[in-house]
Amino acid sequence: MILAVIASIFVFILGLVVGSFLNVVIYRLPRDLSVVKPRSCCPGCQTPIEWNQNIPVISYLILRGKCRKCSSPISWQYPVVELLTGFLFWASWRGLGFDAFAIISQIRIWTFISICISIAFIDLEHRIIPDELSLGGWLFGALTCYWDFRNGMGNLIFSSLGGFGFFFLFAIVYEKITGRNGLGGGDIKFMGTIGIFLGFGGIWSSLILSSVIGVIVGVIYAWFQKKRKENILRTAIPYGPFLVMGALAELFFEFSKWLNL
Ligand SMILES: [Zn+2]
């Protein structure tokens, strides 16, 4: 019991630390900056951030969301990404556990969760899904297929190519009919990434959930923008965050079955 609590805390802290790194990825990757060097600095005054101001969540609270030197605000996104990663790492560990086989399954799913969080926040701000995340993620997913917690390798590779192909065709047909670009290339590649990690179940959940959530959010957004009805389809909202929500929902549906909830 006490060991399980200590392990839970350890996994949660690991998630916070990884989340702190994801903040760096989310900021730097779309700006074509290196994610390993130099040290992070305040975007307001360029002062390098000391290690003791870089403790996940706690530093944000101590600094009260402001840079110590120039008082420019630190985005709420930093602690949110850290807490979200911590929570999802913990939930994944509760779902899969570790033993000799599961440790690689666990790292595989943690990596997928990290990719999903990065994609959601990058797409939200920049309307792009970097290839480093979608294609790089696909490669890692393909290399670790063997250790998947429920799908066979063949199923995953087939699902991944099927998902990519289906969306590729869908995008071409959509463009032919409407004369507009509906799905971006980044979304299509990311569908392949979801397939290599979660199989067909993941692709369908992402597709259905993202469409439902996307339509609801789109209508609300359009209403707030006071746009006329025929403009709803033209209202550009990034699709990536909805695909991520669908994929993570599928993942946790699987975990709840695993835990007999
Ligand atoms: Zn500053």
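The model is predicted. Its chain has eight helices and zero strands.

**Overall fold**

- Read from the N terminus, the order of elements is α-α-α-α-α-α-α-α.
- The radius of gyration is 20 Å; a compact globule of 261 residues would be near 18 Å, so the chain agrees with that expectation.
- Along the principal axes, the C-alpha atoms fill a box of roughly 55 × 50 × 35 Å.
- Buried residues make up 34% of the 261 in the chain.
- Take the contacts in the chain with a separation of 6 or more: 68% of them join residues 24 or more positions apart.

- Domain 1 gives 18 residues to the contact, and domain 2 gives 20 residues.
- On the domain 1 side, the elements that supply two or more residues are α1 (2–28) and α3 (77–96).
- Helix α3 has the largest share of that side, with twelve residues.
- By class, the side of domain 1 that touches domain 2 holds 13 nonpolar, four polar and one charged residues.

**Helices α4 and α5**

- Helix α4 spans residues 102–126, and helix α5 spans residues 131–143.
- Their axes come within 11 Å and cross at roughly 170°.
- An angle over 145 degrees counts as roughly antiparallel, so α4 is roughly antiparallel to α5.
- From α4, the contact uses T111, I115, S118 and I119.
- From α5, the contact uses L133, G137 and F140.
- Sorted by class, this α4 and α5 contact has four nonpolar, three polar and no charged residues.

**Residues in helix α1**

- I2 is found in helix α1.
- I2 has 6 C-beta neighbours inside 10 Å; 12 or fewer counts as exposed, so I2 is exposed.
- I2 and I157 are 155 residues apart along the chain, and their C-alpha atoms are separated by 40 Å.
- F10 also has its place in helix α1.
- F10 has 12 other C-beta atoms within 10 Å, so F10 is exposed.
- F10 and G86 are 76 residues apart along the chain, while 9.8 Å separates their C-alpha atoms.

**The loop between α1 and α2**

- Q46 sits in the loop between α1 and α2, the latter helix being residues 58–62.
- Phi of Q46 is near 65°, which is a positive value in a residue other than glycine.
- Q46 counts as exposed, because 9 C-beta neighbours lie inside 10 Å.
- V57 is found in the loop between α1 and α2 as well.
- Phi of V57 is near 60°, again positive in a residue other than glycine.
- V57 counts as partly exposed, because 16 C-beta neighbours lie inside 10 Å.

**K189 in helix α7**

- K189 belongs to helix α7, which covers residues 185–224.
- A residue is buried if 20 or more other C-beta atoms lie within 10 Å; K189 has 20, so K189 is buried.
- Leaving aside neighbours within four places in sequence, K189 is in contact with I129, D131, S134 and L135.
- K189 and T85 stand 104 residues apart along the chain, and their C-alpha atoms are separated by 23 Å.

Key
Residues are numbered from 1 along each chain as its sequence is written. This is a predicted model: local features need pLDDT of at least 70, side-chain atom pairs count only at pLDDT 80 or more; totals for chains, interfaces and linings use all residues. Two residues are in contact if their C-beta atoms, placed from the backbone, lie within 7 Å. Helices (H or I, at least four residues) and strands (E, at least two) are DSSP runs, numbered from the N terminus. Ala, Val, Leu, Ile, Met, Phe, Trp, Tyr, Cys and Pro count as nonpolar, Asp, Glu, Lys and Arg as charged, and the others, Gly among them, as polar. Axes are lines fitted to C-alpha atoms, for helices over the stretch in contact, and angles run from 0 to 180 degrees between N-to-C directions. Angles under 35 degrees count as roughly parallel, over 145 as roughly antiparallel, 65 to 115 as roughly perpendicular and the rest as oblique. The radius of gyration is taken over C-alpha atoms; the globule rule is 2.2 Å times the number of residues to the power 0.38.
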